[in-house]
Amino acid sequence: MKTLKIGICGWGNVATGLFNALSENSAVIKDNSGTDFHIEVIGARRDNPKCDPGSTKIVRDIFEVINHDIDVVVELIGGVEVARELILEAIKNKKNVVTANKAVIYHHGDEIFQSAKKNGVRVLYESAVCAGTPIIKLLTEELAANKISKISGMLNGTSNFILSNMEEGSEFDSTLALAQKEGYAEPDPAFDIEGMDAAHKIGILSSIAYGTSLPPEDFYVEGITEIQKSDFHYAMEMGYTIKHLAVAKLDKNNIELRAHPALINLDSHLANLKGVRNGMEIDTDLIGKIHIAGSGAGQESTASGLISDLVHLANTPSMKMLQKSSDSMKYELSLFSELVFQYYFYIEAEDIPGVMASITSLLASKSVGIESIVQKEELSGNCVPIILITDPFKEDDYSSLKKELLDLESVRDIRSIRIESD
Ligand SMILES: NC(=O)c1ccc[n+]([C@@H]2O[C@H](COP(=O)([O-])OP(=O)(O)OC[C@H]3O[C@@H](n4cnc5c(N)ncnc54)[C@H](OP(=O)(O)O)[C@@H]3O)[C@@H](O)[C@H]2O)c1
């Protein structure tokens with residue numbers, strides 16, 4: 001039986017998961033892959049109280065791992081700049097690299113892949129997007145015969161957990177606190193709830209499906225912090241729910257790349273994916289829509305993705321990279337301001353005669369059509385919520401419309417969410 005010799009850099013949560021999975025599932029992994037995976041060395045700047053490495057060699061300098069007789073460096077330190085340096089150094093020394101680090105792939109992917117190609121080694125990163133839920137090799141291998149028109153989904157477990165709980169009637173703050181208590185959200189959850197984690201993941205998926213650059217050009221990212229519990233109530237009355245969607249979509253000769261909250265149809269597949277799981281819908285030409293969902297974080301799930309990369313390395317002798325090989329497949333990003341959406345507006349206004357007329361005439365003056373407008377039951381303080389669904393109009397006109405609505409004398413507050421077309 002062949003052996004793949006592994007050096008691990010970083011000795012935290014995910015490294016522990018990998019170490020345990022390789023030993024606890026070793027029989028099934030050997031049976032499925034025909035390979036013996038052997039951890040030769042671990043780069044750990046301190047001991048890990050949660051994992052006993054047994055007789056495996058420990059070195060305190062992570063860069064020293066590269067000098068050992070290994071086939072692959074598994075980078076599990078996280079962060080961006082030291083990880084980039086470590087990966088490039090490993091590549092220069094003709095070591096393959098497996099990483100779970102979405103941040104380093106997002107910010108330095110093109111540089112890393114070019115260096116790997118030049119040095120004749122591979123860099124694999126299945127677990128960098130949605131941990132063990134298989135999406136990278138699904139796009140590059142199983143769907144290789146398909147033209148992909150759209151990838152969309154909930155790529156951040158914490159956001160999906162919070163929004164699913166708000167759909168059931170909880171408030172944002174208490175659900176975020178629960179996510180932190182359950183260990184889904186980081187102590188500083190900004191990266192999750194402000195949309196950057198999902199943005200990193202969709203940027204990487206877009207590079208695979210459409211050859212967009214890593215790092216990508218700037219694209220629109222918005223988090224979930226402005227959404228209120230009552231938005232779910234009004235959205236559901238109209239047949240929608242609210243999700244944080246990350247989208248990469250082929251739009252003629254350009255790519256739409258964006259990550260923001262969206263109203264989606266209640267009967268859609270994505271609407272029914274609740275809780276901390278990640279879920280994606282991929283629109284293909286040969287097999288139609290494909291759905292994939294699973295755990296997008298955690299040491300076991302991430303270990304599963306890492307081991308799938310190690311198996312791929314052992315069993316795929318070719319130099320196949322998980323990137324587009326032809327420059328002719330590369331696309332530019334669409335301008336977000338040129339995109340067209342329908343919008344949901346929650347407008348809180350004084351309950352006085354003429355308020356509806358002032359809103360509808362403002363929209364008419366801006367040539368924005370109205371699909372529906374409904375005045376709801378009065379709130380305290382002589383206020384009424386008005387729920388407006390517009391016809392599709394250009395994103396470019398959206399900010400000025402929102403500002404002018406807020407400037408109306410009777411309007412006290414306003415919120416809005418884009419509606420995702422099917
Ligand atoms: N956790 C998940 O569910 C998950 C899911 C998918 C992907 N990932 C990715 O997996 C990677 C690792 O995540 P994790 O949760 O295992 O993080 P972690 O528990 O914080 O572990 C990171 C390890 O790397 C070490 N380290 C960090 N910077 C270092 C440096 N400059 N030099 C030497 N050692 C350094 C840390 O050492 P100290 O303890 O001394 O700081 C620690 O041992 C990240 O890229 C993350 O995005 C994680």
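## Basis and domains

The model is predicted, and local features need pLDDT of at least 70, side-chain atom pairs count only at pLDDT 80 or more, while totals for chains, interfaces and linings use all residues. Residues are numbered from 1 along each chain as its sequence is written.

The chain is divided into domain 1 (2–132 + 301–326), domain 2 (136–293) and domain 3 (340–419), with bounds that come from an automatic or database domain assignment. Taken over C-alpha atoms, the centres of domain 1 and domain 3 are separated by 52 Å.

## The parallel sheet

An open sheet is formed by six strands in the order E3-E2-E1-E4-E5-E6, with parallel pairing; strands (E, at least two residues) and helices (H or I, at least four) are DSSP runs numbered from the N terminus, and two strands pair if DSSP finds at least two bridges between them. Strand E3 (57–59) and strand E6 (123–124) are the edge strands, each pairing on one side only.

Strand E1 (residues 2–9) pairs with strand E2 (residues 35–43) in the parallel sense over eight bridges, and Gly 7 stands opposite Val 41 in E2. Helix H1 (residues 13–24) packs on the sheet, where it touches E1, E2 and strand E4 (72–75), and its direction makes about 145 degrees with that of E2. Such axes are lines fitted to C-alpha atoms, for helices over the stretch in contact, and angles run from 0 to 180 degrees between N-to-C directions; residues are in contact if their C-beta atoms, placed from the backbone, lie within 7 Å.

## Helices H3 and H4

Helix H3 (residues 81–92) and helix H4 (residues 102–119) pack with their axes 10 Å apart, at an angle of about 10 degrees, which makes H3 roughly parallel to H4 (angles under 35 degrees count as roughly parallel, over 145 as roughly antiparallel, 65 to 115 as roughly perpendicular and the rest as oblique).

From H3, Ala 83, Arg 84, Ile 87, Leu 88, Ile 91 and Lys 92 meet Val 104, His 108, Ile 112, Ser 115, Ala 116 and Asn 119 in H4. The residues of this contact divide into seven nonpolar, three polar and two charged, where Ala, Val, Leu, Ile, Met, Phe, Trp, Tyr, Cys and Pro count as nonpolar, Asp, Glu, Lys and Arg as charged, and the others, Gly among them, as polar.

## Helices H6 and H7

The axes of helix H6 (residues 157–167) and helix H7 (residues 172–181) come within 9 Å and cross at roughly 135 degrees, and H6 and H7 are therefore oblique to each other. The contact is made by Thr 158, Phe 161, Ile 162, Asn 165 and Met 166 of H6 together with Phe 172, Thr 175, Leu 176 and Ala 179 of H7, and its residues divide into six nonpolar, three polar and no charged.

Technical notes
Contact = placed C-beta atoms within 7 Å.
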